[in-house]
Amino acid sequence: MPTPRAWQKMLSGRRLDLLDPTPVDIEIEDIAHGLSFVARWNGQTLGDFAYSVAEHSLLVERLYARLNPRAPAKWRLAALLHDAPEYVIGDMISPVKNAVGPGYDALDARLAAAVHIRFGLPATIPAAVKKQIKKADRISAWMEATEIAGFTVAEADRFFGKPDAEVIRGLSIALRPPTETRAAYTERHHALLAEMG
């Protein structure tokens with residue numbers, strides 16, 4: 001019986017081994033492209049375009065920066081890349097992740113470590129930073145839930161927590177074609193890397 005294929009061929013030409021990913025096989029263009037075509041909420045959102053993981057990641061990075069105005073560029077980059085593994089494993093809603101179990105978390109952690117190392121971050125993000133990124137992620141989820149996913153404010157408050165009105169002031173959910181989101185994600189990534197020096 002032949003060994004099952006465990007790698008994904010990327011548009012960059014790289015072969016990413018999903019079971020043993022290496023930083024040299026990670027390219028931001030592959031991440032940005034993949035995340036721009038992965039729909040959040042299993043595509044169950046209002047609008048003419050799916051709300052992509054790339055668009056969500058851009059919002060999470062902005063929210064993280066608002067929550068942590070003195071955060072260095074490297075942690076803002078970590079916020080932008082917080083869902084990067086989903087460019088190859090897709091976005092699973094929380095109930096599905098819970099059903100799949102710890103195997104999903106282990107795969108996600110291996111991919112995240114390779115992505116982090118590739119872009120000059122520690123393999124594991126410090127717990128305090130990760131907690132703040134998660135807070136920004138939940139605020140983003142609240143915004144998405146109430147603006148495009150059909151949740152009432154009361155439901156969103158119950159599942160994601162009520163966000164501070166000042167943190168979300170002036171922000172709204174953007175729905176753009178994947179090519180625009182891909183370009184915005186790549187541009188933001190390059191800007192943060194440049195800021196890191």
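Helices here (H or I, at least four residues) are DSSP runs, numbered from the N terminus. The legends below describe a predicted model, in which local features need pLDDT of at least 70 and side-chain atom pairs count only at pLDDT 80 or more, while totals for chains, interfaces and linings use all residues. Residues are numbered from 1 along each chain as its sequence is written, and side-chain values use heavy atoms, with hydrogens and water left out.

View 1. Let us start with α6, which spans residues 102–118 and has 17 residues. From its first C-alpha to its last it reaches 25 Å, close to the 24 Å expected at 1.5 Å a residue; the expected span is 1.5 Å times one less than the number of residues. Buried residues (under 20% relative accessible area with a 1.4 Å probe, protein chains only) of α6 include Tyr104, Leu107 and Leu111. After α6 comes Gly120, with a positive phi near 80°.

View 2. Look next at Met143: beyond its neighbours within four places in sequence, Met143 is in contact (heavy atoms within 4.5 Å) with residues including Leu59, Leu63 and Ile168.

**View 3. Glu61 in helix α2.** Glu61 sits in α2, residues 53–67. Is Glu61 buried or exposed? Glu61 is buried, with a relative accessible area of 2%. Leaving aside neighbours within four places in sequence, its contacts are Arg76, Ala79, Leu80, Arg188 and Leu192.

**View 4. Helices α3 and α10.** The axes of α3 (residues 73–80) and α10 (residues 178–196) come within 8 Å and cross at roughly 155°; axes are lines fitted to C-alpha atoms, for helices over the stretch in contact, and angles run from 0 to 180 degrees between N-to-C directions. That makes α3 roughly antiparallel to α10, the term for angles over 145 degrees. Among the residues making the contact are Leu77 and Leu80 of α3 and Tyr185 and Leu192 of α10.

**View 5. Helices α1 and α10.** Here α1 (residues 28–36) packs against α10 at an angle of about 140°, with the axes 8 Å apart. Residues making the contact include Ile31 and Leu35 of α1, with Tyr185 and His189 of α10.

Terms used: Helices (H or I, at least four residues) and strands (E, at least two) are DSSP runs, numbered from the N terminus. Buried means under 20% relative accessible area, exposed over 50%, partly exposed in between (1.4 Å probe, protein chains only). Angles under 35 degrees count as roughly parallel, over 145 as roughly antiparallel, 65 to 115 as roughly perpendicular and the rest as oblique.
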